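Subject: Structure handover

Hello,

Here is the structure for you to look over. My notes on it follow below.

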Amino acid sequence: MGNVTLAQWRMLAAVVDHGGFARAAEAVHKSPSTLNHAVHKLEEQLGVRVLEPVGRQVRLTEAGDMLLRRARQLLESAEALEDVAGRLGEGLEAEVVIAVDQIFPPDALAYALDSVSRHYPHVRVQLHETVLNGGVEMLYDGRADLVVSGIAAQGFLGEPLVNVEFLAVSHPGHPLQHLGRELDLRDLEQHRQLVVRDSALRQSMDAGWLKAEQRWTLSHLVTSVDMLCRGLGFAWMPTTRIREALRMGTLVPLPLVTGGRREAPIQLIFRDRDRAGPATRSLAAALHEAVADCCEEHSIETNG
């Protein structure tokens with residue numbers, strides 16, 4: 001049984017799909033006797049009848065139907081494996097590692113990853129969601145093929161991707177929202193600020209205004225948004241992460257005299273553009289396309 005080959009299963013499938021040996025022989029460019037021999041040999045090896053005659057045609061037996069259904073799965077897997085091997089031989093990478101700063105628009109990221117997956121379904125993607133220096137550190141360590149970051153990387157040339165707007169916000173029930181006037185930084189000093197920790201392991205940095213007497217340092221923007229919506233502090237948040245909360249009114253801008261809005265330019269950086277494989281290049285192109293398709297409203301806000 002272990003000697004049954006994929007070729008035999010392919011010939012059986014052809015006979016069934018074309019309704020007989022003669023038509024199948026024309027379709028697969030084999031002689032009818034070759035197909036007949038292959039199927040009978042398969043039956044001998046399995047010890048099971050897989051075909052039975054019906055007039056001048058043949059049809060699957062009950063056992064043959066079950067076996068061929070499973071064999072088709074093997075054939076599809078083998079074809080996929082051969083396709084992957086061929087692409088690897090042409091220079092297709094087996095895996096793409098991308099580090100993306102959490103402030104990057106999540107809709108655009110999902111769009112880009114889905115696009116690459118459709119074109120290169122067998123290429124694995126490792127996504128690292130980073131903060132501040134985290135992505136650049138992965139670049140320096142050679143652990144990422146692509147980096148999307150608001151931090152410049154020394155020795156690398158980045159290409160502009162999108163400007164992300166930050167907005168000082170809190171829950172509408174936060175005490176800062178009920179002072180009845182415009183706020184300055186001295187007002188903020190008396191309340192808890194939520195910040196997100198730099199994901200770099202060696203050279204972490206602080207960014208933004210950090211003079212509040214109380215501060216909670218979190219690891220992910222999602223957690224920060226949740227805490228803000230619970231009224232547990234204030235923060236400067238990328239509008240890419242809080243659009244729905246702003247629309248629903250669970251977060252509102254702080255009425256700051258100045259500094260309530262700021263922008264961060266995001267760059268796309270290759271570890272080595274010349275050596276990048278086709279999937280890596282495709283992902284980079286998809287990120288540019290995704291920003292154009294998903295962030296039109298955001299671009300108007302930040303540039304206007």
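Among contacts (heavy atoms within 4.5 Å) between residues at least 6 apart in sequence, 72% join residues at least 24 apart. This is a predicted model, where local features need pLDDT of at least 70, side-chain atom pairs count only at pLDDT 80 or more, and totals for chains, interfaces and linings use all residues. Residues are numbered from 1 along each chain as its sequence is written, and side-chain values use heavy atoms, with hydrogens and water left out.

Overall form. The chain has 11 helices and 11 strands (DSSP runs numbered from the N terminus: H or I of at least four residues for helices, E of at least two for strands). Its radius of gyration is 30 Å, well over the 19 Å from the globule rule for 304 residues, so the chain is more spread out than a compact globule. That radius is taken over C-alpha atoms, and the rule is 2.2 Å times the number of residues to the power 0.38. Along the principal axes, the C-alpha atoms fill a box of roughly 90 × 45 × 35 Å.

Burial and cores. Buried residues make up 41% of the 304 (relative accessible area under 20% is buried, over 50% exposed, in between partly exposed; 1.4 Å probe, protein chains only). The largest nonpolar core has 63 residues. A core here is a set of buried Ala, Val, Leu, Ile, Met, Phe, Trp, Tyr and Cys residues joined through side-chain atoms within 4.5 Å. Phe104 is among those with the most contacts inside the largest core, as are Val148 and Leu287. Leaving aside neighbours within four places in sequence, Phe104 touches residues including Val148, Thr240 and Leu287. A second, separate core has 21 residues, among them Leu12 and Leu51.

Rings. There are 2 aromatic pairs (Phe, Tyr or Trp ring centres within 6.5 Å, using the six-membered ring of Trp; planes under 30 degrees apart are stacked, over 60 edge-to-face, the rest tilted). Tyr140 and Phe156 have ring centres 6.1 Å apart and planes at 35°, so this pair is tilted. Tyr140 is in helix 6, and Phe156 is in the loop between strand 5 and strand 6. Tyr140 is partly exposed at 41%; Phe156 is partly exposed at 26%. Phe234 and Trp236 have centres 6.2 Å apart and planes at 70°, so they are edge-to-face. Both Phe234 and Trp236 are buried.

Charges over rings. Arg192 lies over the face of Trp216, 4.1 Å from the ring centre. Arg262 lies over Phe166 at 4.2 Å. The criterion is NZ of Lys or CZ of Arg within 6 Å of the ring centre and within 35 degrees of the ring normal.

Best wishes
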